[in-house]
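Opening my notebook for this one. I want to look things up one at a time and jot down what I find.

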Amino acid sequence: MSDDFEEQSFGATTVWYGAKRGKYPQGNSLVVRGTNETIVIDPSLGLVARGALAPRADRVLHSHCHEDHVAGSFLYPDAPWHFHTADLPGIRSLDGLMELYGYPEPIHSAWRKTVVSQFHFTPRPDAKGFRDGDVFDLGGARVRVIHAPGHTRGHCLFHVEPDDLVYLADIDLSSFGPYYGDAWSDLEDFARTLEAVRAIDARWYATFHHIGVLEGRAAYIERLDRFTAVIADRERRLLEYLAEPHSIAEVAEHRFVYRPGDPVAFAEAVERRSMSQHVSRLLRAGRVREVEPGRFQRRDA
Ligand SMILES: [Zn+2]
């Protein structure tokens, strides 16, 4: 096992880092220990890599149903698995998960294999649902659900007491910015969520990828504002590009979410889904017009 696999404790909560601080496809998982129960949140490939040293748990909570957040859930076949009710269809079957992504062929078939072979996707028809405001009382420690949709419909944060730690899941504060490239992602929901979570005032802020744990609201707000600004930056670049009329296929090929040449198998689908949401909202705002069927141009161009 490499030195990358560290653990860091914050009272009842321990962060189990994945390789490279949880850089995708790895992630950082949380373990919260109460006097009655121990829960694990978002079992990642980092837990799988630990083998017999992976933490034990009575219950598994998931921030949302994405391949990297359920990659180690199979380690807990006897524990109940919980998701927000809106993401439950994704864990009940592989077909349900693939609907959540909504990728077209040939990406669909390749990705369907990858989520099983690399991310150990294991359907769990009896997974349980939770909702915003639900509290898991572990005895001396509590985990409260904060619904924060946009990344997926059921994406949630968790606030852990008494540690005053907020787990931000895939509001990951990375330089990549917000991801809203799946069929079940929603740009407008994500933008509303980012406004709402700005009010969160906690001692610790943990993310699933890259950043690890931040201390204090000032550090959080600085990162959050930069993360949020990526949405406006993508839109600004799109408007520049739409000085000339372009189709969605051309927009996708130009690359606004990924960099040209990024080796991401599903990039084309994600660009399409992400940037067509930007085009839709610019159409609604009257800043872009459809100059001929399927071709869009900035109004003032
Ligand atoms: Zn995700």
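Sheet first. I looked up a mixed, open sheet of six strands, and the order reads β8-β9-β10-β11-β12-β13. My labels come from DSSP runs, numbered from the N terminus: helices are H or I with at least four residues, strands are E with at least two. Two strands pair if DSSP finds at least two bridges between them.

Which strands stand at the edges? They are β8 (135–137) and β13 (213–215); each has a single partner strand, so one side of each is left without a neighbour in the sheet. Neighbouring strands here are turned by 20° against each other on average, with direction ignored.

A note on what I'm working with: this is a predicted model, where local features need pLDDT of at least 70, side-chain atom pairs count only at pLDDT 80 or more, and totals for chains, interfaces and linings use all residues. Residues are numbered from 1 along each chain as its sequence is written, and side-chain values use heavy atoms, with hydrogens and water left out.

β12 (residues 204–206) and β13 run antiparallel and are joined by three bridges. I picked out Ala-206, and its bridge partner in β13 is Val-213. Helix α6 (residues 217–241) lies across β12 and β13, at about 125° to β13. For angles like that, axes are lines fitted to C-alpha atoms (for helices, over the stretch in contact), and the angle between N-to-C directions runs from 0 to 180 degrees.

Next, the zinc ion. Which residues coordinate it? I found His-64 (NE2), His-66 (ND1), His-151 (NE2) and Asp-170 (OD), at 2.1 Å. Donors are N, O and S atoms within 2.8 Å of the metal (3.2 Å for Na, K and Ca), and water is not among the atoms, so sites may look incomplete. The arrangement is irregular because the four donor atoms subtend angles of 89 to 172°. To be tetrahedral, four donors need all angles between 85 and 135 degrees; four count as square planar and six as octahedral if opposite donors are over 155 degrees apart and all others between 65 and 115; anything else is irregular.

Along the sequence I read the donor spacing as H-x1-H-x84-H-x18-D. His-66 sits in the loop between β5 (59–61) and β6 (81–84), and His-151 in the loop between β9 (142–147) and β10 (156–161); the pair is 85 residues apart and links distant parts of the chain.

Are these two buried or exposed? His-66 counts as buried at 5% relative accessibility, and His-151 does too, at 4%. Buried means under 20% relative accessible area, exposed over 50%, partly exposed in between (1.4 Å probe, protein chains only).

Now helix α3. Six of its eight residues are buried, so α3 is largely enclosed by the rest of the structure. Leu-97 and Tyr-101 are among the buried ones. The cover includes α2 and α4. After α3 comes Gly-102, with a positive phi near 65°.

Last, Thr-193, which I placed in helix α5 (residues 187–197). At 6% relative accessibility it counts as buried. Beyond residues up to four places away in sequence, Thr-193 touches Ala-148, Pro-149 and Ile-171, where contact means heavy atoms within 4.5 Å.
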